[in-house]
Amino acid sequence: MRNSLLTCLLGYAFAVLLLMSSCSSGDMTADKPSCGRLCLTLLDATQPVVVRSSDSEVQFAVMILDSEASVVRQYQSGQIPQVIDLPVGRYTLRAYTDNQSSWATANGGLGEACLFGDTVVQIKEDNTAYCRYKVPMINYGVCLTLPERFALLFPEYTFTVHSADRTVSLEDGQTAYFSADNGFAYNLMTANTDGVVHQTTEVTVSDQEAGKIYNIRYYYN
């Protein structure tokens with residue numbers, strides 16, 4: 001049996017479409033600064049249909065910071081309003097999934113995708129601006145793919161992935177997620193129908209990248 005390492009980009013790429021429309025000068029008074037309007041829509045880049053964040057498979061929380069890095073608006077995932085009123089100015093939009101501290105322990109220890117990203121938006125008086133923003137995945141995944149009839153020929157197998165202080169065992173088709181700060185190593189132990197045990201040489205991957213799924217595919221010789 002031989003194996004090869006394949007790399008593919010994960011489909012979790014989300015674009016944020018912003019409509020920023022400031023108030024006209026006729027709406028201003030001496031006591032009220034010029035203001036702007038922010039309309040936020042999340043677009044799943046893997047699908048051709050535009051959906052609101054509340055309808056998206058991946059739910060984002062949103063934080064808006066001013067030019068002094070102070071939080072001026074903050075919304076929990078699934079609770080982003082359709083319209084956000086803001087004073088004219090420069091802002092940092094921060095979109096992220098709620099699992100920033102819990103992604104590694106999700107799904108029984110397999111983990112899950114974690115997304116986080118910033119972009120700068122500018123709201124000007126009497127101006128409408130558009131911004132497309134992709135929220136990247138900040139960890140990476142490792143997936144196991146076995147050939148057909150593998151379980152019949154090898155009724156016992158253990159596929160193990162090590163990364164830093166985490167060790168995860170995967171079954172065919174499963175994916176585990178790891179911190180992009182650390183590479184990973186993997187090996188496969190099998191026992192065939194005659195009880196003969198074989199263990200592959202451990203393979204180390206040190207050029208890992210966030211936002212990718214490393215699909216480990218095994219083939220018959």
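**Burial, pairing and contacts in a predicted chain**

User: What makes residues count as contacts of phenylalanine 184, leaving aside its neighbours within four places in sequence?

Analyst: The criterion is distance (contact means heavy atoms within 4.5 Å). With neighbours within four places in sequence left aside, phenylalanine 184 is in contact with Tyr140, Val142, Val161, His162, Ser163, Val203, Thr204, Val205 and Tyr214. The model is predicted, so local features need pLDDT of at least 70 and side-chain atom pairs count only at pLDDT 80 or more, whereas totals for chains, interfaces and linings use all residues. Residues are numbered from 1 along each chain as its sequence is written, and side-chain values use heavy atoms, with hydrogens and water left out.

User: Why is phenylalanine 184 called buried?

Analyst: Its relative accessible area is 2%. Buried means under 20%, exposed over 50% and partly exposed in between (1.4 Å probe, protein chains only); phenylalanine 184 is therefore buried. The residue belongs to strand S14, residues 184–191, and its C-alpha atom lies 4.5 Å from that of serine 163, 21 residues apart along the chain.

User: How do you know that S17 is largely enclosed by the rest of the structure?

Analyst: Of the 8 residues of S17, 6 are buried, and the strand is therefore largely enclosed. Asparagine 215 sits in this strand, which covers residues 212–219 (strands are DSSP E runs of at least two residues, helices are H or I runs of at least four, both numbered from the N terminus). Asparagine 215 itself counts as buried because its relative accessibility is 10%.

User: What makes the approach of asparagine 215 to threonine 145 a polar contact?

Analyst: The two side chains are 2.8 Å apart. The rule asks for a pair of N or O atoms within 3.5 Å; within protein, one must be able to donate a hydrogen and the other to accept it, and residues adjacent in sequence count only if both atoms are side-chain atoms. The pair of asparagine 215 and threonine 145 is accordingly listed as a polar contact.

User: Why are S10 and S17 called paired strands?

Analyst: Strand S10 (residues 139–145) is joined to S17 by 5 bridges. Two strands pair if DSSP finds at least two bridges between them, so S10 and S17 qualify. They run parallel, and leucine 144 stands opposite isoleucine 216 in S17.

User: What makes S4 and S5 a pair, and how do they run?

Analyst: Between S4 (residues 61–65) and S5 (residues 71–75) there are 4 bridges, and the strands run antiparallel. Methionine 63 has glutamine 74 in S5 as its bridge partner. The two strands form a hairpin with 5 residues between them.

User: What describes the protein chain overall?

Analyst: The chain has 1 helix and 17 strands, and buried residues make up 40% of its 221 residues.
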